[in-house]
Amino acid sequence: MKALTEMNPRLRAWLGFGLGALVLFAAAPALLSDFRLSLLAKYLCFAIVAVGIGLAWGRGGLLTLGQGVFFGLGGYAMAMHLKLADAGPGNMPDFMELYGQLDELPAWWAPFANPAFALAATVLLPMLVAFGLGTLVFRRRVRGAYFAILSQALAAAMVILLIGQQGTTGGTNGLTDIDGFFGYDLDDPVNQRMVYFIIAAVLLGLLALTRQLMRSRYGELLVAVRDSEERVRFLGYNPANVKLVAYVVAAGMAGLAGALFVPAVGIISPALIGIVPSIEFVIGVAVGGRAALLGPVLGAVAVAWAKTALSERFPGTWTYLQGAMFVLVVAFLPGGLASLWGMVRRRRETPPAPAPVTGDQALIKEVAV
Amino acid sequence: MTVILGQLFTGVSIGAVLLLIALGLALTFGQMNVINMAHGEFIMAGAYTTYVLQQTITDAGVSLLVAIPIAFAVAGAMGVLLEWALIRRLYTRPLDTLLVTWGVSLMLQQLARDIFGAPNVQTKAPDILTESTSLGGDVSIANSRLFILGLVVLAVVALTAALKLTPLGRRIRAVVQNRDLAAVSGIPTGSVDRLTFFIGSGLAGVAGVALTLLGPIGPTMGTNIIIDAFLVVVVGGIGQLKGSVIVAFTLGMLQAMVEYLTTLSVAKVIVFVAIVAFLQWRPQGLFTLRTRSLA
């Protein structure tokens with residue numbers, strides 16, 4: 001164990017990456033049934049969102065309670081394309097025919113028939129929205145709790161809009177019954193497996209990207225902005241831009257996750273992206289450890305798994321447990337489970353080595369609004 | 001003309017409900033800078049208090065009037081308990097307070113489900129409040145809305161008087177303006193915090209009583225309205241009540257007007273955009289306390 005902690009960080013990263021790939025690509029498909037594997041695919045989508053939240057919130061101090069909006073934008077963009085592809089060229093998606101309010105496809109649906117446009121939109125659309133809101137909000141130094149509330153209000157507004165425009169968005173039902181995925185039949189277990197592999201690969205890729213980002217000069221700057229925005233400003237940087245990058249990257253990840261969620265689960269609906277799911281994304285990150293790289297991923301998967309395992313049999317108990325998790329972890333273990341590892345290690349070493357300033361310690365001194 | 005007048009009254013009554021909910025937040029969030037997501041569940045507690053009272057006192061009018069002070073006490077007590085158990089440990093970490101109180105609100109919702117059942121329940125409004133008052137011509141306004149408007153005016157006046165005239169109010173303002181200086185001047189900031197929280201949460205209970213007149217009572221009734229109320233306080237500016245008062249009615253009017261011209265769902269989005277645009281102009285809200293801290 002000691003050898004592990006003293007290992008060259010680059011070697012350790014490669015080892016961890018290899019181990020993750022081994023688990024995701026070899027162990028999980030071999031050990032899990034098709035049903036379990038498709039559940040894991042869903043959890044990994046949440047994990048991708050969590051990586052982004054870990055960057056924005058854990059490293060940047062931006063508590064974004066509206067990641068569901070970006071998840072939803074990505075999901076709807078993908079689902080719109082798949083619905084159009086299912087319907088075939090020139091036809092309207094089934095639900096539009098069903099409601100019968102429209103004579104022809106709405107103009108803003110039409111470009112999504114193009115797969116390249118739809119795929120680009122799943123990432124760029126959320127990033128664009130995040131850029132717009134982030135520019136306006138950060139530039140005017142609206143921050144902390146104010147930002148959190150605004151991001152939550154965005155989620156509320158988005159859901160109300162989607163439900164209100166039932167004729168073109170499917171309303172409360174959302175976009176359902178998605179059968180095909182770029183020509184592959186999603187009912188076929190082999191293709192479901194392929195979707196799982198795509199999701200796992202995207203997750204690993206984004207983890208590598210995020211690790212590079214966290215270790216770069218930008219990553220240091222982001223933590224500095226979180227811990228003392230004024231000082232960073234006095235040093236000549238513009239904290240608004242630093243925060244904007246983290247927010248936009250997190251939004252792009254959430255969009256991609258939403259896009260992958262659609263073929264994995266076959267539905268996207270307002271209930272999956274509203275206020276409550278948005279805040280559920282955050283709880284996984286908090287449990288796992290917001291400032292760590294892997295903490296959010298493991299936390300998100302664990303919480304989503306616990307939800308599936310418990311909520312079906314004991315829905316009431318699960319709600320209590322979820323509430324208790326929020327209270328206990330955030331109030332008494334702000335570094336999440338990832339910080340337990342550090343605590344154990346520090347206790348074992350005597351005398352304690354001067355620990356490098358990590359996010360966990362700085363988190364405790366998180367400064368107000 | 002009558003249409004405009006009618007929408008104006010709709011706007012005022014939306015604003016009144018918004019303000020009643022936001023008033024408690026103006027104290028806990030505005031004065032103490034605590035983001036209490038369980039505020040919505042205190043509203044729910046107030047509403048269920050009304051429901052329970054109506055089971056014992058069958059006269060709807062009497063039970064409604066009795067419910068107001070009792071709901072205030074019930075919700076206030078819950079608020080004090082929350083402040084004592086959790087929030088006071090988190091004063092330096094406002095974002096974490098938000099998440100912790102969200103967890104509390106989840107548990108309270110489930111508790112309500114376990115006690116009262118998941119389906120919504122309904123209270124009976126006194127006869128006089130189910131009628132409408134004509135305002136001349138075709139315009140009429142529901143008495144329940146008038147009652148809520150009256151309640152809001154009463155609450156704002158009482159709260160303003162309490163903050164401006166009483167010794168407690170003076171202490172609250174002192175702690176808000178400069179906590180350290182208040183502490184060294186001999187003000188027990190801890191108990192002032194608790195009292196402020198009691199009043200703020202109690203006001204949520206009163207809002208809950210009022211909401212029973214407008215719709216059904218359910219475990220999740222607090223979740224959705226709370227965000228609008230938070231926005232009112234954000235836009236109004238923290239530290240002062242008048243900002244919240246002005247913003248609540250302005251947002252209510254805006255909502256009513258845009259809703260009339262478009263649809264409810266579009267109105268929500270436009271109001272959100274308007275709020276972000278407004279914060280460009282005044283990022284700290286309509287009114288702010290002048291302080292020497294870095295903004």
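How many helices and strands does chain B have? The legends below take that up, starting from a predicted model.

**Figure 1. Chain B, from end to end.** Chain B has twelve helices and two strands. Following the sequence, the elements come in the order α-α-α-α-α-β-β-α-α-α-α-α-α-α. The C-alpha trace of chain B spans about 60 × 45 × 35 Å along its principal axes. A compact globule of 295 residues would have a radius of gyration near 19 Å, and chain B agrees with that, at 19 Å. Buried residues account for 47% of the 295 residues of chain B. If you look at contacts in chain B between residues at least 6 apart in sequence, 77% of them join residues at least 24 apart.

**Figure 2. Chain A, seen as a whole.** Here you will find 17 helices and two strands in chain A. Its C-alpha trace covers about 75 × 50 × 40 Å along the principal axes of chain A. For 369 residues, a compact globule would have a radius of gyration near 21 Å; the value for chain A is 21 Å, in agreement. Of the 369 residues in chain A, 46% are buried. Contacts in chain A between residues at least 6 apart in sequence join residues at least 24 apart in 79% of cases.

**Figure 3. Where chain A and chain B touch.** This view brings together 39 residues from chain B and 43 residues from chain A. On the side of chain B that touches chain A, α4 (94-116), α10 (221-236) and α12 (264-281) of chain B each supply at least two residues. The most comes from α4(B), with 14 residues. Sorted by class, this side of chain B has 25 nonpolar, eight polar and six charged residues.

**Figure 4. The largest nonpolar core.** This core holds 191 residues, and Ala47(A), Ile48(A), Leu20(B) and Ala22(B) touch the most other members. Helix α12 (residues 239-265) of chain A gives the most to this core, contributing 17 residues. What does Ala22(B) touch, not counting residues up to four places away in sequence? The partners of Ala22(B) are Ala229(B), Val232(B), Val233(B), Ser244(B) and Ala248(B).

**Figure 5. A close look at Leu23(B).** Leu23(B) sits in helix α1 of chain B. Is Leu23(B) buried or exposed? Leu23(B) counts as buried because it has 27 C-beta neighbours inside 10 Å, and the cut-off for buried is 20 or more. Leaving out residues up to four places away in sequence, Leu23(B) touches Ala155(B), Val156(B), Leu159(B), Leu203(B) and Ser244(B).

**Figure 6. Gly18(A), for contrast.** Look for Gly18(A) in helix α2 (residues 9-31) of chain A. Gly18(A) is exposed, because 10 other C-beta atoms lie within 10 Å, and a residue with 12 or fewer is called exposed. Leu244(A) is 226 residues from Gly18(A) along the chain, and the C-alpha atoms of the two are separated by 32 Å.

**Figure 7. The buried face of helix α7(B).** Helix α7 (residues 167-177) of chain B has Ile172(B), Val175(B) and Val176(B) buried. Seen down the axis of α7(B), the buried residues fall within an arc of 100°, so they line one face of the helix. An α-helix has 3.6 residues a turn, so residues three or four places apart point the same way. Among the elements covering the buried residues of α7(B) are α1 (2-31), α6 (143-165), α8 (179-184) and α9 (189-211) of chain B.

**Figure 8. Spans annotated as transmembrane regions.** In an unreviewed entry, UniProt lists "transmembrane region" for several spans of chain A, including residues 62-82 and 116-138. Residues 62-82 of chain A are 76% helix and 0% strand, with end C-alpha atoms 33 Å apart. Residues 116-138 of chain A are 100% helix and 0% strand, and their end C-alpha atoms lie 32 Å apart. For chain B, the UniProt annotation (unreviewed entry) includes residues 6-27 and 146-163. Residues 6-27 of chain B are 100% helix and 0% strand, with 32 Å between the end C-alpha atoms. Residues 146-163 of chain B are 100% helix and 0% strand, and the end C-alpha atoms are 26 Å apart.

Technical notes. Residues are numbered from 1 along each chain as its sequence is written. Chains are lettered from A and ligands numbered from 1 in the order in which they are written. This is a predicted model: local features need pLDDT of at least 70, side-chain atom pairs count only at pLDDT 80 or more; totals for chains, interfaces and linings use all residues. A nonpolar core is a set of buried Ala, Val, Leu, Ile, Met, Phe, Trp, Tyr and Cys residues joined through C-beta atoms within 7 Å. Helices (H or I, at least four residues) and strands (E, at least two) are DSSP runs, numbered from the N terminus. Two residues are in contact if their C-beta atoms, placed from the backbone, lie within 7 Å. The radius of gyration is taken over C-alpha atoms; the globule rule is 2.2 Å times the number of residues to the power 0.38. Ala, Val, Leu, Ile, Met, Phe, Trp, Tyr, Cys and Pro count as nonpolar, Asp, Glu, Lys and Arg as charged, and the others, Gly among them, as polar. UniProt positions are given in the numbering used here, feature names are shortened, and annotations may be inferred rather than shown by experiment. The arc is that of the directions from the helix axis to the C-beta atoms.
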